[in-house]
Amino acid sequence: MLFNKSLLVSSAVLTAMLLAGCNDHALQNPAAVILQNQSVTPVLAKTQAGFEAIKTYSLLSSDDQLAQSPNFVFGGSTDGAGVLQNPDGTFTMLVNNEDNFAVSRITLDKTFKPVKGEYVLNSDGGVWRLCSATLATPAEHGFGPVFLTSGESGQESRTHALQVNADVQQAGISREVAGLGRWSAENAVPLPKTAYPGKTAILIGDDDSDVNAGQVALYLSNTVGDLDNGSLYMLKRTDNNQREMDMNVGTSYDVEFVKIDNHKTLTGAQINAKVNDLKAIKFGRVEDVDYRKGGGAAGREVYFAVTGQASTGVNADYSRSKYGRIYKLVLDANDPTKGKLEVILNGDDRSGIAKTFQDPDNVCVTANYIYIMEDPNGYGDEKHDAYVYQYNIVTKQLSTVFELDHRRSAADAAKYNVGGTSALGSWESSGMIDVSDVIGRPNVFMLGIQAHTWRGAKYQGIDGGSVRKAEDQASQLILIEGLPR
């Protein structure tokens, strides 16, 4: 791994650090946490019918000035995130700023108020667009803490393994790991340590729309925490059918992961070109991946989003999803390279349960629910702004929790609609994580809002790198209290 040994966290700190979703710890004074608005920016999301009881709070935005770092500007297109509690009761949060090609590190005080911000990876070190991310910890995954943040600027991109306590003086240094291969990846998600004890299994979503399509990849090592020496695989049906649209809701398909030989020596183009040799499934842009919480067998129950792509060009035969799908992948208890795959939500069925789908992008999976975030692809037939859905795994009910609020008719509309009134679905939400356990409050989530038409010169060049000096987007993080897990 491309780690600087001086950046490794001490064993004492490793023991004290905590990740949302882990239950085997005692919080440092959880009563100190206060859920309230901390930002000058209003919550840019509207709660939908049936969810009136939930509460939302504006946690952090690009317009906030933090007490301990008054010159820090939080970047735009906030995405994948992770939160830890420190031994002194404060909190550390790592957040991708996707289009800045950067990672912010935010310090929050004991009340969960942001007080300091800095960039631990800037556009020189980030190299690529950084989308979703996963914070691996010893308690949940058996290794770390390390922030796995994947590049998505084409098929030659890689995943970074960023230490939580990374030196800001090295923000311009890439932390890419060759072992996970080259993909236009949305996320690299290690399964929990209870899924396959003694192993490291990482699932990767390949957000590719070219002739070789997007893949679901698996990195597998027989050593816990090894990101270098394992094998890399692509997902295929055992009957060799590669067409995504030949899979239908209500049917379970036998699948397996097939090995990509010598993957560390291959370019991304060469890896992608293996799809036909290996008979891998050609998905219409695989996006985020997550696993069901609860320990044991639950960690082998994986869900992923396919966002879809226009039925033109390489998808003129409509062999891949257009409006997006959610898949369930159940891995074999003894062999992570084998499993069962099924479509649980099909946005291309415009009369079905997911008929309002406008390209699901991100997923947050709990013990009983999947929270699904949209990123509309701009086909021109959008009927609403991006939704956040709740899918009940047991009852199979799909509900709409939020619609993003572009503030088109508000007094401050011009601020959030630069260049004219924003189009339906031109914003997206992303990076939703369950922070309940890390802050000691039940049913609390954090969600990022990418308000793509909220722009300005004061947001340019804020990460300190040389690659994205003209990037001028702003964004927001909100807390949601009262969503069931």
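This is a predicted model: local features need pLDDT of at least 70, side-chain atom pairs count only at pLDDT 80 or more; totals for chains, interfaces and linings use all residues.
S15 covers residues 253-259. S19 covers residues 338-346. The two pair in the antiparallel sense, and 4 bridges hold the pairing.

What does S18 form with S19? A hairpin, with 6 residues between the two strands. S18 runs over residues 325-331. S18 and S19 are antiparallel, joined by 7 bridges. To find this pairing, go to Leu329. Its bridge partner in S19 is Leu341. So much for S19.

Next, a sheet elsewhere in the numbering. Four strands here, and the order is S3-S4-S5-S6. The sheet is open, and its pairing is antiparallel. Which strands sit at the edges? S3, residues 78-85, and S6, residues 114-121. Each of these pairs on one side only. How are neighbouring strands of this sheet turned against each other? By 20° on average, with direction ignored.

Let me zoom in on S6. Its antiparallel pairing with S5 has 6 bridges. S5 takes in residues 102-108. Pick out Val103 on your screen. Val103 has Leu121 as its bridge partner in S6.

Leu329 with Leu341, for S18 and S19. Val103 with Leu121, for S5 and S6. Thanks, over to you.

Key: Residues are numbered from 1 along each chain as its sequence is written. Side-chain values use heavy atoms; hydrogens and water are left out. Two strands pair if DSSP finds at least two bridges between them. Axes are lines fitted to C-alpha atoms, for helices over the stretch in contact, and angles run from 0 to 180 degrees between N-to-C directions.
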